[in-house]
Amino acid sequence: MKKWIGWTVLAVFVVAITVNLVVVISIPDNIMEITMTERFNFPSNQWVFAPPTTHERRTIVRPSPDLLYSLCCYDISQYPLRLTATIPDNYWSISGFAMNTDNFFAINDRQAKSNPIEVVLVRKDMTYQDTTGKTHIIVAPTDRGIILIRTVITSKADLPGLTEIQKKATIELVGALAEAEVAKPRAPGELSFEAAEYVDAEYGFSIKYPAVWMKGQPSGAQVFTAAATTRVPVITVGVREAATFVDALMIGLEESGGSDIKIGTEKQTKLADGTEATIAKADWTVRGYPGETFALGVQKGGKWIVATVTTVALLVPYNEAKFSEIAHTLQFK
Amino acid sequence: MKKPFKFVIAALVALVIGGAIGYFTVEPMLNLITNMSVVKNGPWATSLAIGSTSANPYIRAWVAKHGLLALTKSETIYLTAYVDDNGEPLLGDCDYRIEGKAPDTRWWSITAYGSDDFLIPNEQGRYSWSCTEMKLEPDGSFRIYLSKTSKEGNWLPAGDAKELSVTLRLYNPGPAYYDYETLKTAELPHIVKEECK
């Protein structure tokens, strides 16, 4: 009996240590995940320029009120991320934090190779060619994490100037895959991307889109939508009754929460199956961000079938060739 | 009792009791191991493994909870005091003088926090003093007053906080702060209690 008690006590001890360690190891990852998805809750790969911290800001514990913070939740699961920032005269740093909270890089104003500084964040299995010799290429240990710029607020009088400099920071996903695809010779008619297909039996059309994009829930008059994991680019196909292509496009963008919509010159085009179509570029504001859309419309039976490919250039640059190629995969039976 | 039955009972006891002990001792273990791992100098304490890949899981978890997104020591050293020079907890009802020579570092600041690790609300909107804005004494030293009631000079309001802590941030610190041994004896500001109400 005593032997059994001894073994049980030992087992309790081992389980206690194991559980304790497992919980402790999971704390940093959990806090980072909550911070990125619930406390920050802004799209990946986008700078957020925070004003000076006051007691009202309760996002991150023990903040410094003497610093201007620029934050970005990075996601390099698909593409490398290029960041640039203008460096002021005083202490400044850019740093990266992995999902386990490790500070995997920090570069301050005195270590920067150039001003503005250029940093490219890559995964272990990605390569990036630094053509200027001035780019800081950083290998991130995790696909997601946080990039933080700290700018010292030297005095209240300097704040407006520092804020202006802070907002000069840029961010973009490097279209490494697209560039590699352009370089790869393709057979006539072959798409530059691995495609998935949406087939609409009701309206008798199909359209292709990058297979890595995720299908979403269509809203309003949309019949299909899919987007990159970074939320943009996003493809939508809508079917609307409208007098003209511009009217149909305008209604669709307004339905998506757009404002300040400017539609460029319409042009005529032909789809692969010979169907006549109209194309145009639209610049608009979507939920406060500047959106750019390549749109293609076909009139069938008094309705306009409009395919749009939209991006927010702050996150992913507008790529007319690629977006046009996607929209032109629209085909009718 | 038959052997297999005994084994199942023992395993269940180990899983339930062991699991509960392991889970409910996370916080005490975090504080205990972090406290054992930090370097102390007067009222100040820090870990030179903050932000580093070499940090043990307990330090990493403690930093995630109490100082998320902290930089490694080459960029910034964060020294925090929860007590005064006499080792007594910093309380909102007491007045303190934080004073000393300017640290050997490129840029530094002292910030006050409440027990929730956030900035303390106060009408003045003053949460910290940095080296670029504080008024220095004629001999080049500095003095900050941490108190509820206003003071002449570098006053750091304690607001309505009951328990306080202060963090000294050293950006691009000098070599004396890099090493556990030298940091233990480096000259750091004193936190002197003046009076309590």
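Let's start where two chains meet: in helix H1 of chain A, the residues Leu21(A), Val24(A), Ile25(A), Ile27(A), Pro28(A) and Ile31(A) meet Pro57(B), Tyr58(B), Arg60(B), Ala61(B), Ala64(B) and Lys65(B) of H3(B). Sorted by class, the residues of this contact between H1(A) and H3(B) are 10 nonpolar, two charged and no polar. Keep in mind as you look around that this is a predicted model.

How do the two helices lie against each other? Two packed helices are described by the angle between their axes and the distance between the axes. The crossing of H1(A) past H3(B) is left-handed.

**The wider contact**

Now step back to the whole contact, which takes 47 residues from chain A and 51 residues from chain B. On the chain B side, several helices and strands each supply at least two residues that touch chain A. The table shows where to find them in the sequence.

| Element of chain B | Residues |
|---|---|
| Helix H1 | 3-24 |
| Helix H2 | 26-37 |
| Helix H3 | 57-66 |
| Strand E5 | 105-114 |
| Strand E6 | 128-130 |
| Strand E9 | 164-173 |

Which element gives the largest share of this side of chain B? That is H1(B), with 11 residues. By class, the side of chain B that touches chain A has 26 nonpolar residues, 17 polar ones and eight charged ones.

**Chain B as a whole**

Chain B has four helices and 10 strands. Read from the N terminus, its elements follow the order α-α-β-β-α-β-β-β-β-β-β-β-α-β. Of the 197 residues in chain B, 38% are buried. Among contacts in chain B between residues at least 6 apart in sequence, 68% join residues at least 24 apart.

Back in chain A, you can find an open sheet of three strands in the order E10-E11-E20, with antiparallel pairing. Why is one side of E10 and of E20 left without a neighbour in the sheet? Strand E10 (195-200) and strand E20 (331-332) stand at the edges and each has a single partner strand, so one side of each stays without a neighbour there. Strand E11, residues 205-210 of chain A, runs antiparallel to E20(A), and two bridges join them. To see one pairing up close, look at Phe205(A): its bridge partner in E20(A) is Phe332(A).

Notes. Residues numbered from 1 in each chain as written. Chains lettered and ligands numbered in written order. Predicted model: local features only at pLDDT ≥ 70, side-chain atom pairs only at ≥ 80, totals over all residues. Pairing = 2+ DSSP bridges. Contact = placed C-beta atoms within 7 Å. Nonpolar A, V, L, I, M, F, W, Y, C, P; charged D, E, K, R; others polar. Left-handed = near helix turned anticlockwise from the far one by under 90°. Buried ≥ 20, exposed ≤ 12 C-beta atoms within 10 Å, placed from the backbone.
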